[in-house]
Amino acid sequence: MKIVIGSASMAKKRYFEEYFKDYDCEFVLGKDLGIEEPVEYGATSYENALIKARHYSQRSGLSAIALDSSILFLDYPYDDPIQAGSHVKSPQGKELSPIEMKDYYQQLAHEHGGRLRSAWIDAYALVGDNFEYCRDFKDVSEDQSFYLCDESHEKFIASQPLDSISKNFAGVFYYDLDDIDEESLLIKDEHDQSKYQLFVREVICEMAGLLKLRKRGNI
């Protein structure tokens, strides 16, 4: 089965390919089908994920999957002007390039004491011929949150521009954490999985069920 991804990002394509690697399906980016990106007018990542999935499904005739993220600054009210919410790429109404995003949030952190206690709220949506599905992850406990800082790591990846100014609560840059250090920060269940990993795996299983996907190698 071919599934269109509601994004122009190769990083998201690789992300979904990894999570669905056990299933008999193929992913294609909307841009590779000549589909323009939608206007994301939603107030939350949940709404924007659905907007993207609906848009790409309607224009491709395929089932469409989308992931959207909003950022929350935990020490400020939801309606505080500092909050970018679902408009992470366009916090002032104008879409920023990756380096402009990094510079904007780095300066914002500088203006608010050098760091902002933050959390990502992710939403996953799937739209097909006769169904719509969407779930979001709103856990803002300490193991799922981090600092956006007014310092910048030398490493910069355009598809993840804010990672270069992200630190854990011990003050270590995200890019300076090795896998063992990073995993030790996460609250695990008895199967050694973080709450977010469990959430995503549950979402993938539910999506695979809606799509009636078969496991690879199964008849």
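1. Fifteen is the count to begin with: the second largest pocket is lined by 15 residues, and T44, S70, L72, Y78 and I121 lie nearest its centre. A pocket here is an open set of points on a 1 Å grid over the protein atoms alone, where a 1.4 Å probe fits, with protein on both sides within 12 Å along at least five of seven lines; lining residues have an atom within 4 Å of a point.

2. The model is predicted: local features need pLDDT of at least 70, side-chain atom pairs count only at pLDDT 80 or more, and totals for chains, interfaces and linings use all residues. Residues are numbered from 1 along each chain as its sequence is written, and side-chain values use heavy atoms, with hydrogens and water left out.

3. Two or more lining residues of this pocket come from each of α2 (45-60) and β3 (63-73). The largest share, 3 residues, is given by β3. Helices (H or I, at least four residues) and strands (E, at least two) are DSSP runs, numbered from the N terminus.

4. S86 is found in the loop between β3 and α3 (98-111). The residue is buried, with a relative accessible area of 8% (buried means under 20%, with a 1.4 Å probe and protein chains only).

5. The side chain of S86 makes a polar contact with the side chain of N48 at 3.4 Å. A polar atom of the S86 side chain also lies 3.1 Å from the backbone oxygen of G42. A polar contact is a pair of N or O atoms within 3.5 Å; within protein, one must be able to donate a hydrogen and the other to accept it, and residues adjacent in sequence count only if both atoms are side-chain atoms.

Terms used
Buried means under 20% relative accessible area, exposed over 50%, partly exposed in between (1.4 Å probe, protein chains only).
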